[in-house]
Amino acid sequence: MTEVGVIPEDWEVKELSSISAIKSGKRLPKGSLVASSKTSYPYIRVIDMNMGYLNLSNIMYVPENVQPMISKYIISKNDIYISVAGTLGLVGKIPEELDGANLTENANRITEIQCNRDYLMYYMMSPLIQNVIEAERTIGAQPKLALQRIRDFYIVLPRDNREQTAIAAALSDVDSLISALTKKIEKKKAIKQGLMQQLLTGKKRLSGFNDKWKSMLLGDIAEVKDGTHQTPQYVKSGGKPFYSVENVTADDFKNVKHISLEEHKALTSNYRIEKGDVLMTRIGSIGCCKYVDWDVDASFYVSLALLKINEKYDSKFISYLSNIKSFKEEVMLNSLVFAIPQKINLGNISLIKVYIPTSKAEQTAIANILSDCDSEIAALEEKRDKYKEIKQGMMQQLLTGKIRLIK
């Protein structure tokens, strides 16, 4: 029995400061700015950090003349970063190409590590530490994690470095599977995006379809309905779902607010969302569409518009149109230019021009191809999420010695 619970007899509990040094990053001198133009001195920010790895797509750089003033605050490929302001507790390692990069003042580096580096990284990523970080969160405008608190973290580890290495390798293997699936998902999404730009503009025609395409107004295709302008009283249980713009932009209709049955009945007395309709965002993030392909009994807020598509047209095809450049441009053209947040009035949605096949059969065929892409992506995402769950379970078992890899 130890400070953190029961562990194997040949394991030990150490304070993080006893097996490493924890050092802060550095704020740039006043008046200095990082830039996207490449220099020899990368600058790692919290926005670049993910759990386990850095996003290299938007790395910024320190100007040559500023580097000497912050040269002591670099992080090496053998270190671990941990974010300590804003988003707390993001932990990961530095790739080879960023070895020696400068580190923001909103992160610390764990260096001079006296155990297996990857084992320590996974331990810091696990609920064993992340739950502590969440409990210790500083209340304020911007949450912060004190340097001394990090130094005091308890780390449970096998005395035998070989066991540390074996545990880290097992977790790394799962990470590799997750990473491979993530790359495959991104590739499939890119393929789908290319297909949409070709198929939804008529640049690429499907075999067997020769009918003309034509420009139409969205109001000629759909009846556009408004959501309630009154903020309802939400209930914790026993109510009906209440959709808003966030549900469409996140494509999440499970984690929704609920309103009372009585208020729902009042809001849906004239019209309601039905399977086959399209929801469109009109305040904030405007012009995003979601095809309703589930049995639904819900109300919706003024931030959404409800498109009831004429039976002569394919609703799913119309919803996919919101993903192409020409549709987005039409939405902006008809929006309120100076409104903050962005907004498009209900009547102006009807004035959006769309270019579509005159044949509903062609619309449906295109929608089915894109829907198959969505199904394939969803299956891969589900598989990836299962691996993430497996990894969480593995960390809980392997990092506490409940399951042993080496005896």
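At 47% relative accessibility, D251 counts as partly exposed. The cut-offs explain the label: buried means under 20%, exposed means over 50%, and partly exposed lies in between. This is a predicted model, and the values here are computed from it.

D251 sits in the loop between α8 (245-249) and β14 (257-259). Its phi is positive, at about 50 degrees, although D251 is not a glycine. Most residues other than glycine have a negative phi.

## E112, another positive phi

E112 is not a glycine either, and its phi is positive, near 50 degrees. Where is E112 placed? E112 lies in the loop between β9 (107-111) and α3.

## The cis bond at P341

Most peptide bonds are trans. The bond that joins I340 and P341 is cis. Its omega is about 0 degrees. P341 belongs to the loop between α11 (325-333) and α12 (346-349).

## S126, between two helices

The loop between α3 (117-125) and α4 (127-135) holds S126. Is S126 buried or exposed? S126 counts as buried, because its relative accessibility is 1% and the cut-off for buried is under 20%.

What does the side chain of S126 reach? It reaches the backbone oxygen of Y123, at 2.8 Å.

Technical notes: Residues are numbered from 1 along each chain as its sequence is written. This is a predicted model: local features need pLDDT of at least 70, side-chain atom pairs count only at pLDDT 80 or more; totals for chains, interfaces and linings use all residues. Side-chain values use heavy atoms; hydrogens and water are left out. Helices (H or I, at least four residues) and strands (E, at least two) are DSSP runs, numbered from the N terminus. Buried means under 20% relative accessible area, exposed over 50%, partly exposed in between (1.4 Å probe, protein chains only). A polar contact is a pair of N or O atoms within 3.5 Å; within protein, one must be able to donate a hydrogen and the other to accept it, and residues adjacent in sequence count only if both atoms are side-chain atoms.
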